[in-house]
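Student: Could we go through this one label by label? I'd like to see what stands behind each term.

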Amino acid sequence: MKKILITLCFLISGALLAANAQEAKTAASGIYIDLGKVIPKHTSYSISRKAADSTTWTELANLSFQPDSAVFFAALRGAGAKYPTFQMPDKRFFANIWKVVLAAEITDSLFYYGSTPAFKEALGAAYYDGTARPNVNYEYKIRQTGNKGTILLEEKTVSAKYPQEKVIDYQLVTRSIEPFKQSQVLKYYSNGIHQPAGITLMRSVYMQTAFEPLAVYTGITHQSDSVIYLAVDTLIKPRTVYQYVAIPFDDLGNPGLPSDTIRVSTTTLNNTAFVDKVKTESLEKESAIKLSWKLNNTPHLTSINIYRSESYDGADYVEIGTVAATDTVFLDKKVHPVKNYFYSLQPNTIFGPGALSVRFSGMLKANKKAAVPTDFKAEAENGKVKLSWKRPEFYTRGYYIYRRKSNTDSLKQVSELIVTDSAQVTYYDTTEVTQNALSYSYAIKAVNTSYDISGFSEVISVATPGKVKLNTPLTVKTRVIDDQVMIFWDNKSDKNALGYFLFKRVYKDKDPVEFTQINSLPLNASFNYYNDTATVKGSIYEYAIQSVSTNGQLSTMSAPVKVDVLGKRLLPAGGLQVLAEDRSVIISWDVTEQEEVTGYKIYRLHADNKVLLAALEKGADFYEDKDPGTKQLNTYVITCTSKDRESEESIPVSIRMKQ
């Protein structure tokens, strides 16, 4: 029964929990506990909480999937109120959604719905802690058990606090402001790495009121490769100046950095022209960014100034051109590929210069192929390798270094991007190459301002003088098979080994004899075993291994291992079982009937460590380990001992203690 329980725990935790990545996330008004992708139809979760500086755990919830559609959709409606972007599905779709939910085992099977916080909460795969206090570090203990609650499958502790300490910069940019009947339509897009889930529009009456959130229509549309965040303000009055700012937020309601502030006048008695719509387009063939626009109220327009900056909020907007009043297009040809530029337009009228337009961005797409570095050289210098080459063209931005140790290896990148505009470039490989191999091959790739990566340069090899780093062979073991000795060792830890020499001697307690070399030529490094057939029954031997490099350099000899070549093997103990009792582990076994056995040795294994716990008499059939590890798997083996021998290790048994 003990074996069955242990095996069951390993099988379930290995297969069912592989997809469950659990974490605590900061939300706008609490902490969101994501329990992973597995829908708890066959398991349940218990969530407890404590402040980081406390020792008392408080149970918050017990969660599992509820197979009742009415309960599920009621829970979904309640959960959705916590998340700003959630929209309850129409009731006519409830039946189809419920069919998909019943058939799914993981949230990925629910497509779009499976990634939304509200749906995960209603499924029992997430929990929202709305009782957490702000600016307090909390730890959450997540215990997952079988449906009957009797078998612990997993226990994990995660931590978080709110509000978030680092506000995300979505680089929200105003794309356009368009009057539509009695409304203002504002469009935004994000230049950041992360995309917000939605926006909140804030408005003030210029020099009269503070900014307040508007209950306006907001939505998301897709235009070409861009995501556009839309807000429509229908509550505007004529002859009023408004200011707008948009605040982005993620799917848990955490706010990001706000957009720029836009000022809009709704007066109808203004003789000043203003920019209505702006647009940028990448023209790769012309190596230019095309700016286009539309203007309103143009009878008195005389010209338009174009300003540009490399920073959105920078004060260095420089005039790069002026066009006639009738022009609606401007080509900016003094640009580099894959670099953001920011623009603003200023209409000029007979009454004087007008206000600058909203700031908008443009980028020239990658349009140039990278050239390969030239005049590449490599030489050994003071224990390092010096690489030098020439810049292939003006548009080259940087380089990557690639290296391999032998002609059979593939070239691997060994440097970060080396950014330089030097005509002659020098780089030193400082990774102690002379300690790792006799020779290296190098090549270079260039990266240009279009972020295109060239092909490899010429591959050049360089010899590194001196000795190589040669490790002593490790983990040497032996096994007797039909009066022959099989020797094993680790051949993966040293890539500089060409092969191995094996040594052997007859074991003596006193006055040990010298080792005799078994093989005259090195055994190939791809082998990690050797079968010694020249043995005599009843003898005890010692074996050792030595590595050899391509230049004949030898490692130190491994620690000798002893082996008995006897007619009758000494067998290890059988019938091993382990059981956790309080804070101890009880190991039990069957008493051996081998006449020559005088006792047992009990070992505990962890990674490469083997610790002797006890040596017991032959009549013993159990041992209590009073100090097992609590954070790792405890594995035990037992050997039988006689007056002058010790058997091989028994089949290992393992158990993990509850913390």
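This is a predicted model: local features need pLDDT of at least 70, side-chain atom pairs count only at pLDDT 80 or more; totals for chains, interfaces and linings use all residues.

Student: What makes helix α1 the element with the lowest mean pLDDT?

Tutor: Helix α1 (residues 2-15) averages 40, whereas strand β5 (residues 126-129) has the highest mean, 95. For the protein chain the mean is 84, with 90% of residues at 70 or more. Over residues 1-18 the pLDDT is below 50, although the model gives this stretch 21 contacts beyond near neighbours in sequence.

Student: Why is the contact between K25 and D34 called a salt bridge?

Tutor: The cut-off is 4 Å from a side-chain nitrogen of Lys or Arg to a carboxyl oxygen of Asp or Glu. K25 and D34 have N to O at 3.6 Å, so the pair qualifies.

Student: What about K37 and D108, what does their salt bridge tie together?

Tutor: Their side chains meet at 3.2 Å, N to O. K37 is in the loop between β2 (31-34) and β3 (43-51), and D108 is in the loop between α3 and α4, so the pair ties together parts 71 residues apart in sequence. K37 is at 38% relative accessibility and D108 at 44%, so both count as partly exposed.

Student: How do you know that E165 is exposed while K161 is partly exposed?

Tutor: E165 has a relative accessible area of 66%, over the 50% cut-off, so E165 is exposed. Elsewhere, salt bridges that share partners join E23, K25, D34 and K120 into one network.

Student: Why are β11 and β15 called edge strands?

Tutor: Because pairing needs at least two bridges, and β11 (212-213) and β15 (262-265) each pair on one side only. The open sheet runs β11-β10-β14-β15, with antiparallel pairing. Four bridges join β14 (residues 241-249) to β15, so that pair passes the cut-off of two. In β15, S265 stands opposite V241.

Methods. Residues are numbered from 1 along each chain as its sequence is written. Side-chain values use heavy atoms; hydrogens and water are left out. pLDDT is the predictor's confidence in each residue, from 0 to 100. Helices (H or I, at least four residues) and strands (E, at least two) are DSSP runs, numbered from the N terminus. Contact means heavy atoms within 4.5 Å. Buried means under 20% relative accessible area, exposed over 50%, partly exposed in between (1.4 Å probe, protein chains only).
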